[in-house]
Amino acid sequence: MKAKKLFYLLLASVLLTACATEQRHYRIGVSQCSDDIWRDKQNAELRMGAYCQGNVDLCFAAAYDSDERQVQQIDSLVNLGIDLLIVAPNQVVTISPAIDRAYDRGIPVIVFERKTSSQKFTAFISADNHEMGRVMGEYVATQLKGRGRVLEIMGLKGSSPAIERDKGFTDALKAFPGIELVATLQGDWTEPSGYHVMNEYAGDYDSIDFVFAQNDRMAMGARQAFLEHGSRLPKFCGIDGLLGEGGGIQLVRDSILEASYIYPTHGDQLLQLAVDILDGKPYKKETSLMSAIVTRDNAKVLLMQGEAIQQQSGYLDRLHKKADSYLHRLDTQRVILWLACGFIALLIVVFVLFYLYHLRKIDLQRGHVVNTLWNLKPEDVPEKPEVKEEAPAAESTAEVESDDDDEPVAVSHFITRFKEVIESRLCDSDVSVEDLAADMSLSRVQLYRKVKAITGSSPVELLRSARLNRAYQLLLTTDKSVSEVAYAVGFTAPSYFTKCFKEEYGLVPGDIRK
């Protein structure tokens, strides 16, 4: 009893431990306001973070700078049943109602990189855009030695990074009265917008000493417009400081841009914040990401370090894909294995059922033989049996007609005597019907007629059935070989015995012991 209780306690503890260590699976929606190389990098980091977590599914959506599309995408993610929403609002005001709807439905919301006009969010994570604008303003003024004409190209109108970078930039220039901000043009973060607004600028190109674009792509678009205009080429700087071919750090190293500013993506940190919120762990409501200016003094070193990190990241990504491919193949093989095992199990069940059916059939056949002769009762005999098969032609009709009528008592005595005669002659391979008839003090025709009338079988058939029945019992109860059993029950050839046995029971003798 104590052992039984101990078993149940151990079982309960194992189950409770399994339940306690089981991780909950999360579905996280990511609503990006646009699709560009900066967000591609961040999405890759989010995916890597999800892979490391192991219990997170990510659902990505990109609005391509459309307020209406982003509102629809956020509502769709909420209806999909996400556990948490990560969102970079396209504009401050227009996206807030959709974010509020998600928050009001109890879904935690992380706002990153861009702000919302509402306070209905769980956490906010971003670099300091005002600080970026301020540092770039000081850098430009310092490069111009406190005197010069500057042009600014802003990002998407109404987006918080554009508003805050502009404020930081203009605040910095206030300390340098010799710096003139000749124009503030409105772009939308894309390179074509930088080219377009600069190309349409009606002022004096030659009087501009420095162009500050709020990201590197718009700076490159404006630079292209200057090159096509054929005027004096001013200095250019931007923000993003991305690695890779055509990234801000490389552009600074190659002296195409004077400076850039690293705007960190940190998708891994963003995902960790999301998981901490879902797991109920402590977290900061507002997190400021570290960033730094990129100049020609540090661009080469930063690029080398960044390329090494990218190489390792690419290596890890390839390993991730290989692992996913391996796991997919493993899952496929597991399914195939289970199907194969199921098919084999089905075959085994069918075989067992067929074998049991066959054994039952054998038992019924064997029971029929026994009931035919050994268990036949006098009352089972018809009062006036009809003999359909004629007696052998060799015997005289008179001899057939000399038989007495079959009374029940006589039938019972006849059956008992006939069983004794057959049992005594089972091992005699030379016994004939004449021998059996002689032992019964009857003629061959009389024996044939009476046996046929009572059992419906001939004496030879009953003798063979009795031999096979005895052989069946010997096979089950002794260690004799098939040949020894055949000879023991009166068969002269084991091969003929096997043939008769299979006809009688549907199995060869060797299968009985199996």
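User: Starting with His266: is it buried, exposed or partly exposed?

Analyst: His266 counts as partly exposed, because its relative accessibility is 31%. Keep in mind that this is a predicted model.

User: Where does His266 lie?

Analyst: His266 is in the loop that runs between strand E10 (260-261) and helix H10 (267-278).

User: And what is its phi?

Analyst: The phi of His266 is positive, about 45°, although His266 is not a glycine.

User: Why bring up glycine?

Analyst: Because most residues other than glycine have a negative phi.

User: Which other residue has a positive phi without being a glycine?

Analyst: Trp189 is one of them, with a phi of about 85°. Trp189 sits in the loop between strand E7 (179-186) and helix H7 (191-199).

User: Is Trp189 buried or exposed?

Analyst: Trp189 is buried, because its relative accessibility is 7%, and the cut-off for buried is under 20%.

User: Moving on to the strands. What covers strand E4, and on which faces?

Analyst: Strand E4 covers residues 109-112, and both of its faces are covered. Val109 and Val111 are buried on one side, while Ile110 and Phe112 are buried on the other.

User: Which strands are joined to E4 by bridges?

Analyst: Strand E3 (residues 84-87) is joined to E4 by three bridges, and the two run parallel. Strand E5 (residues 123-127) is also joined to E4 by three bridges, again in parallel.

User: What stands opposite Val111 on the E3 side?

Analyst: Val87 stands opposite Val111 of E4. In E5, the bridge partner of Val111 is Phe124.

User: What unit do E3 and E4 make with helix H4?

Analyst: E3, helix H4 (residues 96-104) and E4 make a β-α-β unit, and that unit is right-handed.

User: New topic: how many cavities of 30 Å³ or more are there?

Analyst: The structure holds two of them. The volume of the largest cavity is about 70 Å³.

User: How does one find empty space like that?

Analyst: Rolling a probe the size of a water molecule over the atoms shows where empty space is left.

User: What lines the largest cavity?

Analyst: The lining has 13 residues, and those nearest the centre of the cavity are Gln42, Phe112, Ile125, Thr265 and Leu289. Phe112 is also one of the buried residues of E4.

User: Which elements supply at least two lining residues each?

Analyst: Helix H2 (37-53) and E5 do. E5 gives the most, with three residues.

User: How do the lining residues divide into nonpolar, polar and charged?

Analyst: Eight are nonpolar, four are polar and one is charged.

User: Back to loops. Where is Cys33, and is it buried or exposed?

Analyst: Cys33 is in the loop between strand E1 (26-32) and H2. Cys33 counts as buried, because its relative accessibility is 0%.

User: How far is Cys33 from Ile95?

Analyst: Their C-alpha atoms are separated by 9.8 Å, and the two residues are 62 residues apart along the chain.

User: Last one: what does the side chain of Gln446 reach?

Analyst: The side chain of Gln446 reaches the backbone nitrogen of Ser443 at 3.0 Å. Gln446 belongs to helix H15 (residues 444-455) and is buried, with a relative accessible area of 13%.

Key:
Residues are numbered from 1 along each chain as its sequence is written. This is a predicted model: local features need pLDDT of at least 70, side-chain atom pairs count only at pLDDT 80 or more; totals for chains, interfaces and linings use all residues. Side-chain values use heavy atoms; hydrogens and water are left out. Buried means under 20% relative accessible area, exposed over 50%, partly exposed in between (1.4 Å probe, protein chains only). Helices (H or I, at least four residues) and strands (E, at least two) are DSSP runs, numbered from the N terminus. Two strands pair if DSSP finds at least two bridges between them. A crossover is right-handed if, with the strands pointing away from the viewer, the path from the first strand over the helix to the second runs clockwise. On a 1 Å grid over the protein atoms alone, a cavity is a set of points where a 1.4 Å probe fits but cannot get out, and a pocket is an open set with protein on both sides within 12 Å along at least five of seven lines; lining residues have an atom within 4 Å of a point. Grid points are joined across faces, edges and corners, and a volume is the space filled by probe spheres set on the points. Ala, Val, Leu, Ile, Met, Phe, Trp, Tyr, Cys and Pro count as nonpolar, Asp, Glu, Lys and Arg as charged, and the others, Gly among them, as polar. A polar contact is a pair of N or O atoms within 3.5 Å; within protein, one must be able to donate a hydrogen and the other to accept it, and residues adjacent in sequence count only if both atoms are side-chain atoms.
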